[in-house]
Amino acid sequence: MKSQLTTVVAGRASLIATLLASVLVAPTLAADREPVPIPETPADMTYESLRAVQYCEVWLFTGTPETGIAGVYFNTSALNNSVDKTDTCPADMWDKVTVDGLKAQYDVIGAYKNGPRGWTMDSITLPVGPVVAFDGIETRWMGEGKLPKGASLKVAHMEPYQELKSHRKSSFTFEKGKPVFILEDPDGTPWVMQAFGKIVDPSLTYDDLQHLGDKIKPPAGWKYRVATPDQDLIVSTPEGYNWIVQDELQNTYDACKEGACNFQP
């Protein structure tokens with residue numbers, strides 16, 4: 001578990017390919033910048049009572065197209081929430097974090113602010129790092145996504161409804177009796193929403209997800225539906241990866257295939 005330094009959670013992840021077209025690239029690296037604070041020994045942590053909780057992520061990019069670019073991300077979950085437990089990314093704190101400031105402080109080629117976003121599961125277990133603060137907002141390392149050699153930060157964009165393999169080690173739990181938001185592909189495979197985005201549509205809320213099918217326009221063969229399972233749904237990564245897609249609002253879904261789900265919702 002401690003070796004999972006290429007974990008990608010989603011969401012969140014905000015999702016490395018989703019932000020490539022908009023990420024701001026840093027100038028030539030300066031010797032006086034700090035290294036990216038990647039933990040040597042991340043430890044397993046379980047986050048509970050996550051449903052509808054708002055979070056944000058800071059992404060820091062290193063490497064070159066020739067050697068491969070890595071995006072390390074830091075998530076605010078379970079932090080910054082002494083006033084409101086449902087919001088780990090208060091706007092007044094998030095606004096203080098700037099891409100220019102991140103590029104000036106850290107030895108990176110680019111940076112990105114991913115959020116706000118909101119969780120749709122009830123709990124998650126995954127390896128994380130110690131608390132790291134960016135301009136006052138507290139986060140924890142949650143993983144690293146890697147681009148293939150030859151890819152740059154200015155090209156590629158995760159197109160809606162296009163599958164992407166996400167390398168990570170995690171387990172999501174959706175409690176029985178609660179709604180699960182699903183995209184179903186033309187083959188009948190359910191893709192379970194793990195997080196909704198407030199980047200494209202800042203007004204989107206958890207409650208809106210019940211009727212999200214009225215807002216998104218999936219391609220032919222895809223459909224959106226809401227299910228209420230009578231047993232806990234577990235979405236995991238038995239092979240160290242899962243398949244994900246995003247819709248046009250950057251809501252993120254995990255596929256129930258290749259043994260990822262304990263049943264088909």
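Good morning. In this predicted model, local features require pLDDT of at least 70 and side-chain atom pairs count only at pLDDT 80 or more, while totals for chains, interfaces and linings use all residues. Residues are numbered from 1 along each chain as its sequence is written, and side-chain values use heavy atoms, with hydrogens and water left out.

I begin with the overall chain. The protein chain has two helices and 16 strands; these are DSSP runs numbered from the N terminus, helices being H or I of at least four residues and strands E of at least two. Of its 265 residues, 55% count as buried, meaning under 20% relative accessible area with a 1.4 Å probe, protein chains only. Among contacts (heavy atoms within 4.5 Å) with a separation of 6 or more, 81% are between residues 24 or more positions apart.

Next, the interior. A nonpolar core is a set of buried Ala, Val, Leu, Ile, Met, Phe, Trp, Tyr and Cys residues joined through side-chain atoms within 4.5 Å. The largest has 31 residues, of which Tyr-47, Phe-61, Trp-119, Phe-174, Val-192 and Leu-233 touch the most other members. Strands that each supply at least two residues of this core include S3 (54-64), S5 (110-119) and S12 (190-197). Apart from it lies another core of 19 residues, among them Tyr-161, Ile-216, Tyr-253 and Ala-255.

Which residues line the largest cavity? They are Pro-238, Tyr-241, Asn-242, Trp-243, Lys-257, Glu-258 and Ala-260. A cavity here is a set of points, on a 1 Å grid over the protein atoms alone, where a 1.4 Å probe fits but cannot get out; lining residues have an atom within 4 Å of a point. The space in the largest cavity is about 30 Å³.

I close with two polar side chains. Glu-57, in strand S3, is buried because its relative accessible area is 0%. Its side chain makes a polar contact with the side chain of Asn-75 at 3.0 Å; such a contact is a pair of N or O atoms within 3.5 Å, where, within protein, one must be able to donate a hydrogen and the other to accept it, and residues adjacent in sequence count only if both atoms are side-chain atoms.

Asn-80 is found in the loop between S4 and helix H1 (91-94), and it counts as buried because its relative accessibility is 16%. A polar atom of the Asn-80 side chain lies 3.1 Å from the backbone oxygen of Thr-88, and one lies 2.8 Å from the backbone nitrogen of Glu-138.

Key: Buried < 20%, exposed > 50% of the residue type's maximum accessible area, 1.4 Å probe, protein only. 1 Å grid on protein atoms, 1.4 Å probe; cavity = no way out; pocket = protein on both sides within 12 Å on 5 of 7 lines; lining within 4 Å. Points joined across faces, edges and corners; volume = space filled by probe spheres on them.
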